[in-house]
Amino acid sequence: MDENPENSPYISIIINEAQLLLAEKRTSLAVISTGIAVLALPMSVISLPIATSRYYDIFHFLHFLISLEVLNTILTALGSYLIIKSTLKMKKYDKAISTIKTKFSIINEFT
């Protein structure tokens, strides 16, 4: 039984699969924006000690500055991890969507 897949009753499942992949891609974009916000936080936090450095002795507050730098390093690593992981997932989703589009030409009508 060689049916055209575009006339089969499974076309709604195919469209739903494409919608699911697009929803996952939107989620990855949201995670990327969160990663960018987490990545920008250390830059804004480090500006406060730099701006007020003339009002205190650095050696007196060295333990605070070291702990702040450790926290900034962790936040930078977390933000970078979120951005890289989401970018790789988005590439995977794009590849899956492209495969669906080439397999089923009815999806091309929507793009």
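Predicted model: local features only at pLDDT ≥ 70, side-chain atom pairs only at ≥ 80, totals over all residues.
**Exercise 1.** Describe the overall form of the chain from its secondary structure, its radius of gyration and its extent along the principal axes.

*Solution.* The secondary structure comes to two helices and zero strands. Next, take the radius of gyration: a compact globule of 111 residues would have a value near 13 Å, but the chain has 24 Å. Finally, the C-alpha trace spans about 80 × 20 × 15 Å along its principal axes. As for burial, buried residues make up 21% of the 111 residues.

**Exercise 2.** Find which element the buried residues of H1 pack against, and then decide whether Ser-86 is buried or exposed.

*Solution.* The buried residues of H1 include Ala-18, Leu-21, Ser-28, Ile-32, Gly-35 and Val-38, and the buried residues of this helix pack against helix H2 (62-103). Ser-86 is found in helix H2. Buried means under 20% relative accessible area, and therefore Ser-86, at 5% relative accessibility, counts as buried. Leaving aside its neighbours within four places in sequence, Ser-86 is in contact with Ser-28, Val-31 and Ile-32; of these partners, Ser-28 and Ile-32 are among the buried residues of H1. The side chain of Ser-86 also reaches the backbone oxygen of Leu-82 at 3.0 Å.

**Exercise 3.** Classify the ring pair of Tyr-56 and Phe-61, and state how accessible Tyr-56 and Phe-61 are.

*Solution.* The structure holds two aromatic pairs. In the pair formed by Tyr-56 and Phe-61, the rings lie 5.3 Å centre to centre, with 80° between the planes. Ring planes over 60 degrees apart count as edge-to-face, and the pair of Tyr-56 and Phe-61 is accordingly edge-to-face. Turning to accessibility, Tyr-56 counts as partly exposed because its relative accessibility is 21%, and Phe-61, at 35% relative accessibility, counts as partly exposed. Ring pairs link Tyr-56, Phe-61 and Phe-64 into a cluster.

Conventions. Residues numbered from 1 in each chain as written. Heavy atoms only, no water. Buried < 20%, exposed > 50% of the residue type's maximum accessible area, 1.4 Å probe, protein only. Helix = DSSP H or I, 4+ residues; strand = E, 2+ residues; numbered from the N terminus. Contact = heavy atoms within 4.5 Å. Polar contact = N/O pair within 3.5 Å; in protein donor to acceptor, adjacent residues only side chain to side chain. Phe/Tyr/Trp six-rings, centres within 6.5 Å; stacked < 30°, edge-to-face > 60°. Rg over C-alpha atoms; globule rule 2.2 N^0.38 Å.
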